[in-house]
Amino acid sequence: MTVLRGAYEVMVMRRAMSRIMICALFTVSTVNLSRDVASQERARLRVSTLFIGSSLLPFWFAQDQGYFNRAGVDVELIWMQSNLSTSALLAGEVDMIFGTPQVPLTVMSTKGAPNFAAIAAWASASEHWLVVNPAIKSVKELDGKVLATSRPKSADHGYALTILERNGVDGRRVTFLSAGGQSGRVAAIESGRVMGSVVNRYYALLLQRKGFRSIERLERADFPFPPSIFVAARENIKTKRSALKSFFMALIEATKKLKNEKDLNLRLIRKNLRLDNPEIVETAYEDGLTVSYPYFTERQFQVALDLLSRSLGQPIELSYQRIVDHSIVEEVARAGGL
């Protein structure tokens, strides 16, 4: 009897262990399946930014506060030199580029231009100042002098030419030295290699604190600075439409709440721009606040073309209707996202 009961208990234990193993395998399979489904459902977008500056505050804020994740899209921000970003977009290495209009519009104005479209725009309160050596008292004194620019025919090259032209200085009589990004141009000014350059307002403040002179601002009431634009291949607008729509819904939501989180934004500026001075961080915050979105208006487009024509030294003919495609942000608007 004892032997039979022992055999019975062993059989029961084996059955119980089998059930436990089956449940464990089912649980593992379910977890793995859930992970696979989640990874399949979550879209991924690679966005190349043409600059690193406080105008990226809406992106940093959206990532830090999880807006993109809640919208169901994984967003990777990749900084690239502007001339490389358009090549990366053409090669499919990024899904969208974001930055000043001059670079993508240059590519879109060439013969056999890629099938790109501007699909949205974010304008910040950014200001751009011509900062000069303290020995320079007026823009006219820059005739025959050397100014720093990031590279020939760049956006900031066009800014400098615009300011020179306003003051009757022939840009052909000014030498432009390629010095790279804003930190490189600041270093060129400080070293005395150049007499000045056009930089944004927080770099201008940094130079002012060292005795340099902010002599003239690019932006005026009759000359609004063009916003940074989003550019995508038209094929991506079709194949990644759902992901792009989720991206803009998240970015718009983050932008709406941006002004209510000043302390957080100051922290994000210190982290991403590696700035420490409280006055300069505050100025960078003011410079980065969004003033208009998400449309690239025809007036902004024309100002961008004007700056581009100055940079290239020749008139540029582009059609607003051919270049701009607001269909995705219009879908977001109809869905109540604005």
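Q: Is Q300 buried or exposed?
A: Buried, with a relative accessible area of 12%. Buried means under 20% relative accessible area, exposed is over 50%, and partly exposed is in between (1.4 Å probe, protein chains only). This is a predicted model, where local features need pLDDT of at least 70, side-chain atom pairs count only at pLDDT 80 or more, and totals for chains, interfaces and linings use all residues. Residues are numbered from 1 along each chain as its sequence is written, and side-chain values use heavy atoms, with hydrogens and water left out.

Q: Where is Q300 found?
A: In helix α13, residues 298-312. Helices (H or I, at least four residues) and strands (E, at least two) are DSSP runs, numbered from the N terminus.

Q: And what is Q300 in contact with?
A: P226, P227, S292 and Y295, leaving aside its neighbours within four places in sequence. Contact here means heavy atoms within 4.5 Å.

Q: Zooming out, how many helices and strands in the protein chain?
A: The chain has 15 helices and eleven strands. Of its 338 residues, 48% are buried. Among contacts with a separation of 6 or more, 80% are between residues 24 or more positions apart.

Q: OK, the core. How many residues has the largest nonpolar one?
A: It has 59 residues, and those with the most contacts inside it are M96, F230, F247, F248 and I269. The largest share, eight residues, comes from helix α10 (residues 241-257). A nonpolar core is a set of buried Ala, Val, Leu, Ile, Met, Phe, Trp, Tyr and Cys residues joined through side-chain atoms within 4.5 Å. Apart from this core lies another, of 26 residues, including V103, V231, A304 and Y320.

Q: What does I269 touch?
A: L57, W60, R274, L275, V281, A284 and Y285, not counting residues up to four places away in sequence.

Q: Switching to sheets. What's the strand order in the open sheet of six?
A: β2-β1-β3-β10-β4-β11, with mixed pairing. Two strands pair if DSSP finds at least two bridges between them. β2 (73-79) and β11 (290-292) stand at the edges with a single partner strand each, so one side of each has no neighbour in the sheet. The twist averages 30° from one strand to the next.

Q: How do β3 and β10 pair?
A: In the antiparallel sense, over three bridges, with β3 covering residues 96-99 and β10 residues 228-233. F98 stands opposite F230 in β10.

Q: Which strands does helix α2 lie across?
A: α2 (residues 57-64) lies across β2, β3, β4 (116-124), β10 and β11, running at about 140° to β2. Axes are lines fitted to C-alpha atoms, for helices over the stretch in contact, and angles run from 0 to 180 degrees between N-to-C directions.

Q: At what angle do α2 and α10 pack?
A: About 100°, with their axes 9 Å apart. That makes α2 roughly perpendicular to α10. Angles under 35 degrees count as roughly parallel, over 145 as roughly antiparallel, 65 to 115 as roughly perpendicular and the rest as oblique. The contact is made by P58, F59, F61 and A62 of α2 with F247, L251, A254, T255 and K257 of α10.

Q: What about α8 and α12, what's their angle?
A: α8 (residues 201-208) and α12 (residues 278-288) pack at about 155°, axes 8 Å apart. They are therefore roughly antiparallel to each other. On the α8 side, the contact uses R201, Y202, L205 and L206, and α12 brings E279, I280, T283, A284, E286 and D287.

Q: Back to strands: how many of β5's five residues are buried?
A: Four, so to speak mostly covered, in a strand spanning residues 128-132. Five bridges join β5 to β8 (residues 196-200), antiparallel, and H128 has N200 as its bridge partner there. Four bridges join β5 to β9 (residues 213-217), again antiparallel, with S214 as the partner of V131.

Q: Last one, some loops. Where is G168 found?
A: In the loop between α6 (155-166) and β7 (175-178). G168 counts as exposed, at 63% relative accessibility. G168 and D143 are 25 residues apart in sequence and 9.5 Å apart in space, C-alpha to C-alpha.

Q: And which loop holds A113?
A: The one between α5 (102-108) and β4. A113 counts as partly exposed, at 30% relative accessibility, and is in contact with V107 and M108, leaving aside neighbours within four places in sequence.
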